[in-house]
Amino acid sequence: MMNQSRFLAQMQEVLEIEDRTLSPDEEFRELPEWSSLAYLSTIAMIDDEYDVIISAADFRKLQTFADIARAINERR
Amino acid sequence: MYFHFQNKQITGMLTIVPQHRVRFEDEMDNYAFSRAQSVQLQKVMGYNERHICRRTDACISDLICHGFERLFSEGLLTPGEVDALILLTNSPDYLVPPNSNILQGRLGMKQDMLCLDINQGCAGFMVGLVQAMQLLEQPEIRKVAIVTADVASRTHSPRDRASYPLMGDAAAITIFENRPSDPIHVFMKMDGREALSIWQPAGGLKEPASEQTIQMREETPGNFMTRHHIRMQGDAVFNFVMREVPGMLVDLFAHYGVSYNHVEAFICHQPNKFILNCVAKKLGIDSERIPANIVETFGNSISSTIPCCITHNFGQRPEKEEVPLCLAGFGEGLIWSSTILRLGLLDFCRMIEMDI
């Protein structure tokens with residue numbers, strides 16, 4: 001199993017959020033830092049760190065950071 | 001699959017770009033990006049400067065004829081020498097007849113030749129390369145002109161902020177001939193299941209032009225286009241590139257039995273800077289090894305990014321010496337293809353600008 005706090009720290013870095021920590025239940029699409037570029041950076045980071053590619057159709061169904069973490073785990 | 005060739009060479013390459021340049025900074029307000037987003041896009045994606053036609057009626061045939069006429073006037077090619085003209089484009093002047101035939105007539109080429117239009121985009125240069133090398137197996141075919149051309153500024157919506165600020169217009173004429181060379185292996189794979197990831201819905205018989213198809217609609221948040229504009233499902237294409245391209249290059253180098261240091265650079269299709277940097281990272285090579293300066297200097301000209309990259313970055317050097325390169329095209333189709341070859345002792349290797 002992946003380390004969830006490590007994953008959240010990685011997401012924080014991707015989104016360039018420095019002033020607070022992310023929580024697993026946050027809906028990432030609602031964050032002001034979320035953009036199409038942040039999305040691509042997220043896919044690239046997941047591929048890089050976990051060697052996992054989540055299809056565009058599957059990613060669309062994900063809402064929270066915990067959902068992404070779960071999707072990664074299911075594909076490892 | 002691999003295509004195998006021997007004693008085939010690129011012997012000339014001319015890129016034609018419009019003189020007119022547009023800077024992202026100057027048109028940022030059209031797209032409603034925040035200041036921070038714009039800076040990010042510029043730095044990470046390569047939104048910067050591009051060459052596009054100023055004339056709204058500019059066609060690929062204008063760029064192509066300008067290029068051929070320059071070659072003829074400088075004595076670098078004669079119309080009668082061309083035994084095959086293969087045109088690869090997403091933006092033909094006409095759907096009927098083949099545009100390569102129109103070019104043949106307009107340029108005064110002989111009857112004893114093959115003209116062929118191929119509907120191809122991002123991997124167009126690689127598909128053309130395979131076609132040229134196959135045709136050269138025919139004894140009567142000595143010179144093949146592969147013509148890649150796209151006026152992407154007209155096929156993409158000006159209000160599609162995900163693609164338009166990255167698109168450029170260009171054409172390239174690449175000549176192939178039988179000349180002594182090392183064996184050439186060309187990797188080629190295709191996956192039509194995701195064919196509609198890069199797509200122009202209307203204009204064919206499936207969705208003919210109508211009042212509805214010409215309406216600008218918000219297809220994805222903030223991106224407006226008609227059904228006649230080419231659209232891309234960015235995330236699906238990005239996933240595809242990350243899934244297939246690094247692995248393809250690993251396979252290619254293993255097939256040749258050479259290391260990455262064998263080539264001077266990886267000349268890849270350039271959809272954006274970010275994707276190329278990700279490929280470099282995955283291959284474990286320095287990002288400088290995959291030039292990404294075409295998309296931020298000229299724009300993504302679809303089928304001509306590889307010749308643009310060569311003529312811009314190497315100038316006339318390949319006219320004087322051999323440069324070992326890896327070439328890779330990927331995208332629309334979906335197609336991914338690559339090869340390693342020595343580009344050298346070309347009759348011409350240049351980029352010219354056209355006032356259009």
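Biologist: Where is L334(B) found?
Modeller: This is a predicted model, in which local features need pLDDT of at least 70 and side-chain atom pairs count only at pLDDT 80 or more, while totals for chains, interfaces and linings use all residues. Residues are numbered from 1 along each chain as its sequence is written, and chains are lettered from A, with ligands numbered from 1, in the order in which they are written. Helices (H or I, at least four residues) and strands (E, at least two) are DSSP runs, numbered from the N terminus. In those terms, L334(B) is found in the loop between β15 (322-331) and β16 (335-344) of chain B.

Biologist: What is omega of the cis peptide bond that joins G333(B) and L334(B)?
Modeller: Another cis peptide bond in chain B joins V96(B) and P97(B), with omega about 0°, and P97(B) sits in the loop between β5 (84-89) and α4 (99-106) of chain B. For the bond that joins G333(B) and L334(B), omega is about -10°.

Biologist: Is D51(A) buried or exposed?
Modeller: D51(A) lies in the loop between α2 and α3 (56-60) of chain A, and its phi is near 55°, a positive value in a residue other than glycine. A residue is buried if 20 or more other C-beta atoms, placed from the backbone, lie within 10 Å of its own, exposed if 12 or fewer, and partly exposed in between. Because D51(A) has 11 other C-beta atoms within 10 Å, this residue counts as exposed.

Biologist: How are α2(A) and α7(B) placed to each other, roughly parallel or roughly antiparallel?
Modeller: The axes of helix α2 (residues 36-50) of chain A and helix α7 (residues 234-256) of chain B come within 11 Å and cross at roughly 25°. Axes are lines fitted to C-alpha atoms, for helices over the stretch in contact, and angles run from 0 to 180 degrees between N-to-C directions. Angles under 35 degrees count as roughly parallel, over 145 as roughly antiparallel, 65 to 115 as roughly perpendicular and the rest as oblique. The two helices, α2(A) and α7(B), are therefore roughly parallel.

Biologist: Which element gives the largest share of the side of chain B that touches chain A?
Modeller: Two residues are in contact if their C-beta atoms, placed from the backbone, lie within 7 Å, and the contact takes 17 residues from chain B and 13 residues from chain A. On the side of chain B, the elements that give two or more residues are α2 (35-45), α7 and α8 (273-283). The largest share, seven residues, comes from α7(B).
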